[in-house]
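Have a look at it before reading on.

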Amino acid sequence: MDAKALKIEAARAALTHVRPGMRLGIGTGSTAEEFVRLLAERVAGGLAIVGVPTSERTAKLCQELGVPLTTLEATPVLDLTIDGADELDRNLTLIKGGGGALLREKIVAAASGRMVVIADASKLVDMLGRFPLPIEVNRFGLEATRTAIAMAAERLGLAGTITLRMTGGAAFVTDGGHLILDASFGRIPDPRALSDALHAIPGVVEHGLFLGMATTAIIAGAGGITTLDRPRGNEHGVV
């Protein structure tokens, strides 16, 4: 199967976790969009759920397909979030944010009782870092923030280019009005230490390391569906 077909199969498997009456966090990205399309079919067939989208892009697709939506203001506690990942390891530590929605994705996941990640097998790695780490930053003091990120990474033995994300010749702007720096650090042996170091930088709004948030991963590969659950005793995503 090609990548699209694998994404559809992972999304289809994730639907088995959805129950009538659920309050769902609905992710952003190409795999999450396949889930939205399949969810919409179930809704059209009578499934009663309500969703909180993690981006304006996802909200637009849900509205077009008839998936009922709410907000975290109206529904601050969710049962389940289903979302994709740019990269994940077997401890269910994730890199997310390739679609530019990492802040809202993290807020929604944190409000949920469970988080199920859907991905094709190419996203599963032994150690995070092959995919550049998205870091959402404030517009003010951009270069100072970029320098602080580089210095923090250096203290952890990490190095690589830190590039402002662009789209159509202009800086990419998130739904929250921020910018994104993509940090190509390569292998990240200690995601927790990097997370703590980035959160200590005032100009960093949020980063794409999701630690201890995903409870289950559904991975579609040539051999079928593999389901991974977060190891017990590893609630904080320590690698």
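## Salt bridges and buried spots

Glu56 is partly exposed, because its relative accessible area is 47%, and that label covers anything between buried (under 20% relative accessible area) and exposed (over 50%), using a 1.4 Å probe and protein chains only. Keep in mind that this is a predicted model, where local features need pLDDT of at least 70, side-chain atom pairs count only at pLDDT 80 or more, and totals for chains, interfaces and linings use all residues. Residues are numbered from 1 along each chain as its sequence is written, and side-chain values use heavy atoms, with hydrogens and water left out.

What does Glu56 pair up with in a salt bridge? Its partner is Arg104, with the closest N and O atoms 2.9 Å apart. This pair links distant parts of the chain, as Glu56 sits in helix H3 (residues 56-65) and Arg104 in helix H4 (residues 102-110), 48 residues apart. Arg104 is partly exposed too, at 31% relative accessibility. Helices here are DSSP runs of H or I with at least four residues, strands are runs of E with at least two, and both are numbered from the N terminus.

A salt bridge means a side-chain nitrogen of Lys or Arg within 4 Å of a carboxyl oxygen of Asp or Glu. Searching the whole structure turns up 15 of them.

| Salt bridge | N to O distance |
|---|---|
| Arg23 and Asp79 | 2.8 Å |
| Glu56 and Arg104 | 2.9 Å |
| Arg146 and Glu143 | 2.8 Å |

Arg23 belongs to strand S1 (residues 23-26) and Asp79 to strand S3 (residues 78-83), so their bridge ties together parts that are 56 residues apart in sequence. Arg23 is partly exposed at 30% relative accessibility, and Asp79 is partly exposed at 25%.

Arg146 and Glu143, on the other hand, both lie in helix H5 (residues 142-155), 3 residues apart, or about one turn of the helix. There's also a network: salt bridges with shared partners join Lys4, Glu34 and Arg37.

Now for the buried side of things. Leu88, in strand S4 (residues 87-88), counts as buried because its relative accessible area is 0%. Beyond residues up to four places away in sequence, Leu88 touches several others, among them Thr93, Ala119, Val125 and Ile219, where contact means heavy atoms within 4.5 Å.

Glu33, found in helix H2 (residues 30-44), is buried as well, at 16% relative accessibility. Leaving out neighbours within four places in sequence, Glu33 is in contact with Arg57 and Leu61.
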